[in-house]
Amino acid sequence: MNKLIMALGVGVALAFFTLTSHADDYSEQALKDADMIAGEQTWQQYCAFCHTAGEGQADISGPNLHQLFKRQVGTKPGFAYSDALKKESRNWTPELFAAYVQDPGAVIPGNIMPAVNIPADKVLPLTAYVLRSSGSVDWDQAKTATLATGGLDAELQSSSPEFWALYMNNTVKFTIPYEDSSYSFVAYFNDDGTITGNNRGLTGIWRMRDKRHFCFAIQRIGVHPYEWMHCVRPKVDANMVFGEVAEVITPVKGFDDFKVDVTFIEDRFHPLEGDAHPDYWTFLFNNTMRYEIKVNGEVVIVSARFSPDNTIDSAEGISGKWRTEGENGEKDRMCYNFSGVPGVDGDLSECFALVLMFNPRVGARWPARFSQGNTYWAEVFEGRE
Ligand code: HEC
């Protein structure tokens, strides 16, 4: 469980006051009659940032709540609960749920879910909504979902069409400080409320917090801090230029020196070579990959230059070709071959996962092996002769 996103979650949840809890009636009838729209809105506004409820959906910073009311507290397989939840032996009931969401720390001391302060009159509708949407009851079909993101988000498309198009049709590149340089990755905001990216495993969600806040949480970023959350006003800055830093955000409260550059890149580029770092290709085409290849106990140097037209040449006269490939049109591997390496019969070739091309940098040096068995060291040299 990442403390950072939880701390951020506290900031994101609307800080209204919790009224003392109503002596609500949690009978089946009361739950069946509860206002499902209010329930769904409450869920979207206060819970969906951290939880999913559908079958097979991912844990976010909180566990997936599928069939919550059919199980004991703290038992969603694979989720790293606090000791407090792990030790708890009660089963989830509507009453326990209602009490917990209003004051998690008091109901299960030591739990790590922050208090989210939902209005007291929304607790019953929320409970009814989660009962249904988590598939814990089969009373009727839950209100059919609009876009997976629900009410406020569905409006965004018509209320802020430019903003919608900017995020849904283009690529958002984030650059964060990393060691003494920087690290970039790109994210695609999808119209079903999810965020995916060029780095395998990157996930996220976006939601409207209210009509004026477009919020997103990104997780499983390749480097620390691995996740964060941020909200912006849903409008497009008139000075925004594709390819240039549009905004600098400081998404982590209390870490004002942790600045993230946000750059919009027109279109969804490299949909095929999706796993590589967004700058990988420019990098590859402008620098030299110097190979020290073991051939019959000797080292042969190949200073390879990869070009956009899929060819490779080298200062030593070696030539080759490269291509990307992968299943289902997802070209997530790069393959290449060298022809004419002295002492080698035929070609040397290999394929590697583009996800490895994450932080291309001059000076990077790594050992590997061609399919033919020859080992090599490769090193990146700046520029081309
Ligand atoms: C900032 C993130 C965050 C928000 C917002 C949040 N939760 Fe949680 N929730 C968690 C975490 C983390 C846990 C696990 C707590 C632990 O292990 O102590 C959790 C646990 C739970 C559990 C126990 C699940 C189980 O498997 O036993 C329930 C139920 C729950 N949350 C419901 C809600 C509801 C309903 C809302 C909205 C009112 C909400 N949560 C909002 C992070 C969040």
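In which sense do strand E9 and strand E16 pair, and over how many bridges? The legends below start with the whole chain and then come to that pair.

**View 1. The whole chain is a predicted model.** Local features need pLDDT of at least 70 and side-chain atom pairs count only at pLDDT 80 or more, while totals for chains, interfaces and linings use all residues. Residues are numbered from 1 along each chain as its sequence is written. The protein chain has ten helices and 16 strands; these are DSSP runs numbered from the N terminus, with helices being H or I of at least four residues and strands being E of at least two. Of its 385 residues, 32% count as buried, meaning that 20 or more other C-beta atoms, placed from the backbone, lie within 10 Å of the residue's own.

**View 2. An open sheet is built from eight strands.** Reading across, you will meet them in the order E6-E5-E4-E3-E2-E1-E8-E7, with antiparallel pairing. At the edges lie strand E6 (228-232) and strand E7 (245-249), each of which pairs on one side only. From one strand to the next, the twist averages 30°, taken between the N-to-C directions of lines fitted to C-alpha atoms, on a scale from 0 to 180 degrees.

**View 3. Within that order, E1 meets E2.** Strand E1 (residues 171-178) pairs with strand E2 (residues 181-189) in the antiparallel sense, over seven bridges; strands count as paired if DSSP finds at least two bridges between them. Look for Val172, whose bridge partner in E2 is Ala187.

**View 4. Strand E16 pairs with E9 and with E15.** Here is the reply to the opening question: strand E9 (residues 288-295) and strand E16 (residues 375-381) are antiparallel, over six bridges. Ile293 has Tyr376 in E16 as its bridge partner. Strand E15 (residues 365-369) also pairs with E16 in the antiparallel sense, over five bridges, and Arg369 stands opposite Thr375 in E16. Five residues lie between the strands in the hairpin of E15 and E16, where Gly373 takes a positive phi near 105°.

**View 5. Two stretches have pLDDT under 50: residues 1-23 and residues 141-148.** The chain averages a pLDDT of 82, and 84% of the residues score at least 70; pLDDT is the predictor's confidence in each residue, from 0 to 100. Beyond four places in sequence, the model has 51 contacts for residues 1-23 and 15 for residues 141-148, a contact being two C-beta atoms, placed from the backbone, within 7 Å.

Note on methods: A residue is buried if 20 or more other C-beta atoms lie within 10 Å of its own, exposed if 12 or fewer, and partly exposed in between; C-beta atoms are placed from the backbone.
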